[in-house]
Structure formats: C-alpha cells, structure tokens
Amino acid sequence: PVDRRGLGRRGARQRNGEPAGLHLEPAQGAAGDRGCGDTDRAAGPGYYLSADDTDLSAFGQRCAAARAALADRDWRAALGAAEDALALWRGPLLEDLRDEHRVHPQAVRVEELRAECREARISAHLALDCAAEALSEAAGLAAEQPLRERATWLWMLALYRVGRGADALGTYAEHAAHLDAELGLQPGPELRELQTAILRQS
C-alpha cells in the first residue's frame, strides 16, 4: 500500500541534513496485536517516519475496522472496511528492500494483515450469501498460501455453498496431503470439523 521508493514518503523528512535512508524496526508481537500504521521510529541517520500520513496507516486502520465488524457480525460494515483497505494495496511493501533485516519483519507483518483482510472479505461475502464472490477470492488466496488453514476452510465452505461438496472434500484431502508432506502435520480441528459436517450432508 505504499510507494516502493519509501515508506509513507508524504510523512517523511530528512533529519539533520544527514543522508537519506530507510529505518524500520522489527514488528513487536503478532500481526494482529498492533495496527499496521504503528510504524517504528528508529534512531540513526535517515528519514523520520510519520505514520499518520501514510497509506500504510490507513490500511491498518481499515483492517482493524474489518476485524471489529466481523466480531460484531456486522457483515456489510466488515465487507466495506475490507474492500476499502484492499483498495489501498499497491503491491508488496518495499519489495526491492524486502530482504533487508529491518524491512523484512514489517513486510511479513503487512502481508499477514492483507491475508487477514482478504479472509474478512471472504467471510463477509459468505455471510451475505454471495458465495460466488467468496469462492473466487478464497480459491486465489488458498492457491497463494496453500498451508494457510483459514484460507482452505473458507474455500471449502464456499465450494459447499455453491453445491460443490465433492470438490470441498477433495480440497481438504489435497490440503491434508500437502500439510503432511511439507510440515509433517495434520489439519487443525476447525478444518476437520468442517470436513465432517460436509460428509454428513453429502
């Protein structure tokens, strides 16, 4: 959601006439613990980042609004907030600097927020009986992150809602096999419960 040339360039200013540089501190805690716009202000030469003026800050606020609306079961508000947030996305955060040790944790955190926001939009679509819209996005997210259980859960549910129960069960089997091959793990309880529910209805 930001220009690759710098984080929140509108809110940046060079300090003390020193050479410009980018200073981002690693994220503290889980992705959901802090707003995406809580940008760290590191010491040292470079830009002083004002989070309030960045698309990144707005993105984080809208992601938080989508999560809150989902918790309140306000599906239309959740859908609107998620769509507003995702409309700000302009590509991976500072992609050219992603491997820098100060940038990488922030980039990963923002990508996680985006995935959560996409899941919020899918959930809202499902709750509003817009299964076709949910199916398209859930399939894309699951393809991008095949080990992400929430994405697989949403994809399975969307498949079932459009009358493709057999495909939903096939998706579970593929996910379970991939999870076992990659990590030596089995699907979590929520995914197993959804599989069981679909089997009972089939």
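Arg148 counts as buried, with a relative accessible area of 14%; here buried means under 20% relative accessible area, exposed means over 50%, and partly exposed is in between (1.4 Å probe, protein chains only). This is a predicted model, in which local features need pLDDT of at least 70 and side-chain atom pairs count only at pLDDT 80 or more, while totals for chains, interfaces and linings use all residues. Residues are numbered from 1 along each chain as its sequence is written, and side-chain values use heavy atoms, with hydrogens and water left out.

Arg148 has a charged partner: Glu119 forms a salt bridge with Arg148, and their closest N and O atoms are 2.5 Å apart. A salt bridge is a side-chain nitrogen of Lys or Arg within 4 Å of a carboxyl oxygen of Asp or Glu. Glu119 lies in helix α3 and Arg148 in the loop between α4 and α5, so this pair ties together parts that are 29 residues apart in sequence. Helices, by the way, are DSSP runs (H or I, at least four residues), numbered from the N terminus.

The structure holds seven salt bridges. Another of them joins the side chains of Glu137 and Arg121, at 2.7 Å from N to O. That pair links distant parts of the chain, with Glu137 in helix α4 and Arg121 in helix α3, 16 residues apart. Glu137 is buried, its relative accessible area being 13%.

Glu116 sits in helix α3 and Arg67 in helix α1, so to speak a link between distant parts of the chain, 49 residues apart. Glu116 counts as partly exposed at 21% relative accessibility, and Arg67 is partly exposed too, at 31%.

Helix α3 keeps turning up, and here are its dimensions. It covers residues 104-127, which makes 24 residues, and reaches 35 Å from its first C-alpha to its last, close to the 34 Å expected at 1.5 Å a residue (the expected span is 1.5 Å times one less than the number of residues). After α3 comes Asp129, whose phi is positive, near 60 degrees.

Now for the nonpolar side. A nonpolar core is a set of buried Ala, Val, Leu, Ile, Met, Phe, Trp, Tyr and Cys residues joined through side-chain atoms within 4.5 Å. The largest one has 20 residues, and Ile122, Leu126 and Met156 touch the most other members. Two or more residues each come from α3, α4 (131-144), α5 (149-161), α6 and α7 (189-201), with α5 giving the largest share, six residues. Ile122 touches Ala134, Glu137, Ala138, Leu141 and Leu154, leaving out residues up to four places away in sequence; contact means heavy atoms within 4.5 Å. Apart from this core lies another, of 15 residues, including Leu56, Ala58, Ala66 and Trp89.

Ala69 is found in helix α1 (residues 55-71) and counts as buried at 9% relative accessibility. Leaving aside neighbours within four places in sequence, Ala69 is in contact with Asp74, Ala77 and Ala78. Ala177, in helix α6 (residues 165-183), is partly exposed, at 46%.
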